[in-house]
Amino acid sequence: MSDANLPLSPQRTAETDAYWDAANEGRLLLKRCPGTDKAFHPPRDFSPFTGRPDTEWIEAEGTGTLYSYSVSMVGGEPHCIAYVQLTEGSIILSALVDYAPSEPRIGQALKVVFRPSRDGQMLPFFTPVS
Amino acid sequence: MTQKACIVGAYEHPTRDARDIPLARLHAEVAAGALADAGLTIADVDGYFCAGDVAGWDAPGVGPFSIVEYMGLNLRHLDTTESWGSAYINHVAHAAQAIAEGKCRVALITQAGRPRAERSSPAQMHRNQGQSAHEAPFELPYGPVVTNMYGMVAQRHMYEHGTTPEQLAWIKVAASHHAQHNPNAMLPKVVTVEDVVTSPVVASPLHRLDCCVISDGGGALVVVHPDIARELGKPAITPRGAGFTVKHMNGGHFDILASGGVKSGAEAFAEAGVTPADIRYASIYDSFTITVLVQLENLGFCAPGEGGRFVAEGGLISGVGRLPVNTDGGGLCSNHPGNRGGMTKLVEAVRQLRGEAHPAVQVPDCSLALVHGTGGQLGARHGSATLILERA
């Protein structure tokens, strides 16, 4: 697989460095809003619930369920974009990998796996829990 | 906002292929068309409303001033509110406010685009070019494009409510029944449910015929002070209620089946003092079949989950179903200029309220219409505008 077939690499910001560093270590981070005790994604310093810049990083379990998906052909291969509802409650956009032809099924259990993007930065994907 | 302002001019460009018409000229042509319809000239315009599709918006330089200069407008008021395809519906409400406040008397709204001429494919295009948007690094690597983001809405609707591909297909079938009477429609041929569900899947569960057309063209409206409308002797088409909101992802705590239409629709109905049962005709944005289904539920035309049954068996066909929708053939069969829906939706509602729609699709005594559109992506962040128009 040539580099062009790998996912686009994300651009880091000072606000999100910790997320990408953790991904390279195989850990999925979320932001938590202390005012509402809710986890959220994508990460930023300001809470979308209270508007206060007091959010903190938490490590996600890396598990969740399939909220929705759509399969399309990209470069001759099926590509399954997905919204995954994490155990912590937040829905994140990702894609499924290593799923069976009878899958995906909304509601099925998923776990995070990390795959490289073009420049080597690891990205969280999801795969069915067997 | 009753009687604050009147729509006196409406025009949809007949072309669907503008390879020989530069973008600025396309805007000028639709402006001229709407002004001629109103019985006014470009010299009468003192307020201009435009969104990001105007020539020069994305180019280095002076943005919307470029199109103002091209048309030679002499303005007292400019509103460049950009909310993608919902912008023009929003602009009518803004124009009525500006006229009521004395900021302008003759408001021109234009929309145009030429994705066919420029050979851009919205199906393969993501909505955020570049990664400067805060969410982009967390989304673009996964390949979100227009088709698969709407596909996820349809998939979830089928999961939660048992909606079928055949029910979705009825929305395209209804559009095609209307389009056969529109000489400018890009797809004037009547299609069947089977045609839709046997067309290739582009992004599951959506088929090729669940998608709208890609077309060049545009449209324009002229909104004026009621005194000017009386002088012109035009039918008084007036905004009676309007609503707008932005739906976003709320940190990942969202319902993909609850679009901004839940809020913008409720606000518009409350201001108008009417209910969905009072609406005689509805223009509802139809980038995909699922777009219409979700909006019908969100606006209150049927209960959540009932959309599939509401649209089936010709439910949206004029003269057949309970709610005539997009009687010009809509984006699904007629026109989706610049990959944006709002303007064509407004123009067909004005035709219906004036009694100037094609006789085969004209709603008898159409006195109250709804225009609704989203801009952006239904399954993600989007602007949502709802307008209730009345023939006084």
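Helix α13 of chain B is followed by B:G355, whose phi is positive, near 75°; helices (H or I, at least four residues) and strands (E, at least two) are DSSP runs, numbered from the N terminus. The model is predicted, so local features need pLDDT of at least 70 and side-chain atom pairs count only at pLDDT 80 or more, whereas totals for chains, interfaces and linings use all residues. Residues are numbered from 1 along each chain as its sequence is written, and chains are lettered from A and ligands numbered from 1 in the order in which they are written.

Helix α13 of chain B covers residues 342–354; at 1.5 Å a residue its 13 residues should span 18 Å, and the distance of 19 Å between its end C-alpha atoms agrees. The expected span is 1.5 Å times one less than the number of residues. Of the 13 residues of α13(B), 12 are buried, a residue being buried if 20 or more other C-beta atoms lie within 10 Å of its own, exposed if 12 or fewer, and partly exposed in between, with C-beta atoms placed from the backbone. The buried residues include B:K345, B:E348 and B:R351.

Chain B comprises 13 helices and 11 strands, and 61% of its 392 residues count as buried. The C-alpha atoms of chain B fill a box of roughly 55 × 50 × 40 Å along the principal axes.

Leaving aside residues up to four places away in sequence, B:V222 touches residues including B:V8, B:A34 and B:L108; contact requires C-beta atoms, placed from the backbone, within 7 Å.

The contact between the chains takes 27 residues from chain B and 31 residues from chain A. On the side of chain B that touches chain A, α4 (136–139), α5 (146–161) and β5 (201–203) each supply at least two residues, and α5(B) gives the most, with 7 residues.

Key
Contact = placed C-beta atoms within 7 Å.
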